[in-house]
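Trainee: I am new to this model and would like a close look at one part of it, the ligand and its surroundings.

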Amino acid sequence: MNTHRFWLVVPAAGIGQRMQSSVPKQYLKLSGRFVLDVTLSRLLEAGPWAGCVVPLHGEDQWWALSGSASDRRIETCAGGDERVDSVIGALHHLSGRAGDRDWVLVHDVARPCIHPEDLARLRTELAGDAVGGLLASPVSDTIKQVETGADRIRATVDRRRLWRAFTPQMFRYGDLLPALETGVREHPGAITDEASAMELAGWQPRVVSGRTDNIKITVPEDLALAEFILARQDAG
Ligand code: C5P
């Protein structure tokens with residue numbers, strides 16, 4: 001029997017430079033609710049969780065206005081300069097409470113369309129795994145490699161081995177924290193998700209096929225798309 005607990009870390013300390021908005025994307029509205037509130041309520045409903053930590057930017061002015069601020073299941077901590085620094089901060093926040101063999105699921109706050117069935121499948125499929133892994137999806141477009149700093153194609157990449165990495169990403173507390181800390185120290189700029197740190201530490205994380213509607217809000221038009229996806233999911 002697997003008695004290890006599951007913790008949630010939801011990095012929300014980004015200030016978003018691609019949204020053409022002075023408001024960080026997690027505080028833009030989806031059908032009247034903050035993106036952050038939609039993401040957190042979906043995640044928390046899919047528990048049980050041992051706890052949930054949300055790293056926030058030092059100058060965040062919006063958190064107090066969110067529905068999540070009054071949710072006693074959620075704790076906040078200070079975010080860092082990069083996403084990976086925010087996640088490391090959240091893991092330190094859990095120090096002394098999370099066991100080395102406990103699982104941590106890290107999910108970007110900017111992915112509000114995470115489906116409860118995907119979350120459940122990730123947990124079930126990886127619960128007995130030696131390493132852990134992430135939701136991901138095989139690439140369907142033809143992928144081009146372009147000359148650095150130019151718009152000329154150098155090659156067409158064989159897409160049969162390429163997957164798009166989503167979140168949540170699920171790893172053991174005692175493996176993930178040292179992998180992230182070593183990764184940041186030895187490969188600055190290269191740790192764009194938890195799996196990349198685990199890979200650099202010599203592990204082979206598993207990909208668990210996830211829904212392609214688990215989009216990350218990145219540009220303004222993604223908000224309307226996310227509203228559409230959420231409405232379809234709620235109706236289905
Ligand atoms: O900007 P991007 O979409 O790559 O950010 C991914 C996630 O990481 C978002 O949830 C964002 O709030 C979070 N983040 C963070 N701390 C940073 C930068 C980004 O928690 N310094």
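Trainee: How many residues surround the ligand, and which are the closest?

Mentor: This is a predicted model, in which local features need pLDDT of at least 70 and side-chain atom pairs count only at pLDDT 80 or more, while totals for chains, interfaces and linings use all residues. Residues are numbered from 1 along each chain as its sequence is written, and side-chain values use heavy atoms, with hydrogens and water left out.

The ligand is surrounded by 15 residues, each with a heavy atom within 4 Å of it. P11, A13, K25, G80 and S86 are the closest. By kind, the shell holds 7 charged, 5 nonpolar and 3 polar residues (nonpolar: Ala, Val, Leu, Ile, Met, Phe, Trp, Tyr, Cys and Pro; charged: Asp, Glu, Lys and Arg; polar: the others, Gly among them).

Next come the polar contacts, pairs of N or O atoms within 3.5 Å. From P11, a backbone N or O atom lies 2.7 Å from an oxygen atom of the ligand. At A13, a polar backbone atom is 2.9 Å from a ligand oxygen atom. With D81, the ligand atom is a nitrogen, and it lies 3.1 Å from a polar backbone atom of that residue.

As for cover, the ligand on its own has 460 Å² of accessible area, and the protein covers 84% of that (areas by the Shrake-Rupley method with a 1.4 Å probe).

How values were computed
A polar contact is a pair of N or O atoms within 3.5 Å; within protein, one must be able to donate a hydrogen and the other to accept it, and residues adjacent in sequence count only if both atoms are side-chain atoms.
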